[in-house]
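Hello,

Here is the structure we spoke about.

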Amino acid sequence: MTTKPIVEIDADNEEELYEHYRFEAGKGQQPLRVDKFLMNLVENATRSKIQKAAEAGNIYVNDVAVKSNHKVKSSDVVRVLLEHPPYEHLLEPENIPLNIVYEDDQLLIVNKEPGMVVHPGHGNYSGTLVNALAYHFENLPMNSSERPGLVHRIDKDTSGLLVVAKTEQAMAHLTKQFADKTSEREYIALVWGNVQADSGTIEGNIDRHPKDRMQMSVYPDGEQGKHAVTHYKVIERLGYVTLVSCKLETGRTHQIRVHMKYIGHTLFNDARYGGDIILKGTTFTKYKQFIDNCFKTLPRQALHAKTLGFEHPETKQFMRFDSELPKDMTDVIEKWRVYSKSHTTEEE
């Protein structure tokens with residue numbers, strides 16, 4: 001999906017059209033109606049809305065407007081063009097409080113609360129970190145996706161540290177560090193199961209899941225996707241779950257979530273990747289009640305961006321920032337400590 005508004009002129013009606021979505025069908029794509037094709041790719045889209053867009057002449061395949069029953073084939077380029085810019089590019093400053101843990105003339109460090117989306121996107125056009133940044137700071141530099149200040153991002157329901165660039169110099173310098181893998185990023189995660197090795201490295205290319213486009217998937221053969229490396233270390237074993245530290249060598253979408261699932265240890269209460277059901281444990285009713293209580297205490301994936309380190313773009317000194325685990329995670333970890341002390345996997 002494209003992230004920049006691409007303005008085009010429709011030769012027939014001379015109206016400006018803005019590209020909202022662009023998808024290229026894979027080489028193995030079997031003929032599929034364009035409405036069904038887009039249903040699989042666009043979050044929160046309904047088939048009726050897609051069909052109305054096709055009737056209005058807003059869906060193009062290989063630069064030709066098509067109806068909803070048009071069959072998409074291998075390597076076709078499907079685009080949705082509308083008369084208004086994507087809402088995520090109509091940025092409205094919003095007076096949203098930010099937890100700023102450090103700030104100077106070049107950058108700031110934000111400790112993001114869980115539940116806050118980092119930047120506007122489909123279905124989330126307000127209440128984001130970028131909306132808040134636009135209110136509190138003027139003239140932030142744009143990144144390659146036209147998002148002010150953002151050097152990197154973390155998922156909506158992941159909490160923790162982010163660095164925001166305040167100048168063009170800081171944006172370029174920090175972005176290069178992330179690309180060159182010289183920055184440090186440590187996350188703390190609670191995962192299902194007893195992670196056997198005390199430490200290890202997960203390697204495997206990451207790309208969109210072939211069927212569920214809202215998920216990412218690991219492609220270990222390297223034939224598709226982007227190279228991804230995660231280093232993990234066990235912090236504490238708690239019976240049916242394990243507390244781990246994950247250090248990113250690369251920064252792919254959902255990297256820790258999909259890599260940990262790949263080795264059989266889905267993040268606790270990660271709904272998108274199936275961690276919001278009981279994956280390890282007993283069939284006892286009391287255990288099910290315990291897990292349900294944990295899910296209510298931590299209504300999100302158990303993932304926190306704890307540590308962030310990088311070279312300052314101006315002083316060239318290495319800076320490292322650390323944050324405490326948020327209360328929802330510490331509460332759930334304590335519940336598991338108590339449970340694991342009074343129950344053993346052998347007796348159950």
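**Salt bridges and burial**

D35 is buried, because its relative accessibility is 0% and the cut-off for buried is under 20%. Keep in mind that this is a predicted model.

D35 has a charged partner. Its side chain meets that of R47 in a salt bridge, at 3.1 Å from N to O. R47 sits in helix α2 (residues 47–55) and D35 in helix α1 (residues 34–39), so the pair ties together parts that are twelve residues apart in sequence. R47 counts as partly exposed, at 33% relative accessibility.

The structure holds 16 salt bridges. Two others are worked through here.

Take R257 and D270. They form a salt bridge, with 2.7 Å between the closest N and O atoms. R257 belongs to helix α5 (residues 255–262), while D270 lies in the loop between α5 and α6 (285–297). The two residues are 13 apart, and the pair links distant parts of the chain. R257 is buried at 6% relative accessibility. D270 is buried too, with a relative accessible area of 1%. Both residues also belong to a network of salt bridges that links R153, D155, R257 and D270.

Next, D328 and R300. Their closest N and O atoms are 2.8 Å apart, in a salt bridge. D328 is in helix α7 (residues 327–342) and R300 in the loop between α6 and β17 (303–311), so this pair ties together parts 28 residues apart in sequence. D328 counts as buried at 16% relative accessibility. R300 counts as buried at 4%.

Best wishes

How values were computed: Residues numbered from 1 in each chain as written. Predicted model: local features only at pLDDT ≥ 70, side-chain atom pairs only at ≥ 80, totals over all residues. Heavy atoms only, no water. Salt bridge = Lys/Arg side-chain N within 4 Å of Asp/Glu carboxyl O. Helix = DSSP H or I, 4+ residues; strand = E, 2+ residues; numbered from the N terminus. Buried < 20%, exposed > 50% of the residue type's maximum accessible area, 1.4 Å probe, protein only.
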